[in-house]
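Hello,

Here is the structure for you to look through. My notes on what was found in it follow below.

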Amino acid sequence: MTSVIDSSTTTSQLIIDPIAGYIGAEVSGIQIADGVDDATAQALRDALFEYKVLFFRDQPIDHGQQVEFTRVFGPVTDAHPLGYTDKSPAGHPEILEVDSRTYAKRGGARRYSYANFWHQDVTALINPPAVTALRAELVPEIGGDTTWADLAAAYENLPASLQQFLEGLYAENRFGGRTPRWTSNSEAQSLTADANIVSEHPVVRVHPVTGKKLIYVNPGFTSRIIGLSPGQSDRILDLLFAEITNPAYTVRIAWTPDSIGVWDNRATIHQAPADLDHLDVVRVLHRTTVEGDIPVGVDGQKSRSISGDPFLARR
């Protein structure tokens, strides 16, 4: 059902249109370039926690305006805990450029996203990003969509007995998860080895704002469940990865020029496109992230850092 929220911005109403059964909404009635007042900012935060993914169309803004808009949702960090300073535009260390042209120059082959497998952003950290924003500059006419899934819906639809079993478990999260997807002697291998960021998070996390329980594992970073044999861990992770990527809990959105996607990184998992490798097209987007909190499990216990410091916004 469409929500219409009164706003004191230059446009008088914020319109929020849900676009899938569990997750996702398109937002209109706002021009981000004009700035966001306090009432509108609160309405956007409320909508994000309800729908988990918000999508804005026809929003021509620059790098600085993207950083300012991201601050609506919290303190903005630098682009990435591994550095990647050469992927940030000059003067904007908060922005990670996702540019297929850069990937082609570096690796000799086109890549259209930072990671084209299911993942949450940087759950190797003790405090993974709370919110991620992605702005489209150049996108192909077809293909290149992004898909998100609702981790609360996945948890809520599990049998109660399985919910209770999972609530006592913790899982190790590291770059690459169970099977790193980079080649030996690559930049990714070097950077992740040097950083050595590893954390143990509850398999079921409690959202700090909504209080909802979330399945908190993902194929991109979760490597094993603590206290189980490798075989047991793999079987449970396989089950959970299948549950959290169930198409029933997903929304798939097509990028258009000047569109912006904002998602609750605590409550969602996402997958970038893998349908462009055979096409000679260009895809350029710009990512910003909001400083996260330390996850808390159902038992009230916080995540544990095995190696690496919290990733904080500049103060």
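Four strands form an open sheet in the order β12-β8-β9-β17, with antiparallel pairing (strands are DSSP runs of E, at least two residues, and helices are runs of H or I, at least four residues, numbered from the N terminus; two strands pair if DSSP finds at least two bridges between them). β12 and β17 (304–307) are the edge strands, each with a single partner, so one side of each has no neighbour in the sheet. From one strand to the next, the twist averages 25° (axes are lines fitted to C-alpha atoms, and angles run from 0 to 180 degrees between N-to-C directions). β9 (residues 198–202) pairs with β17 over 3 bridges, and S199 stands opposite S305 in β17.

This is a predicted model: local features need pLDDT of at least 70 and side-chain atom pairs pLDDT 80 or more, while totals for chains, interfaces and linings use all residues. Residues are numbered from 1 along each chain as its sequence is written, and side-chain values use heavy atoms, leaving out hydrogens and water.

Strand β8 (residues 170–174) contains N173. N173 is buried, at 0% relative accessible area (buried means under 20%, exposed over 50%, partly exposed in between, with a 1.4 Å probe and protein chains only). Residues that N173 touches include T123, I197 and F221 (contact means heavy atoms within 4.5 Å).

In helix α7, the buried residues are S233, I236, L237, L240, F241 and I244. Seen down the axis of α7, they fall within an arc of 135°, so they line one face of the helix (the arc is that of the directions from the helix axis to the C-beta atoms).

Regards

Definitions and conventions
Lists of a residue's contacts leave out its neighbours within four places in sequence.
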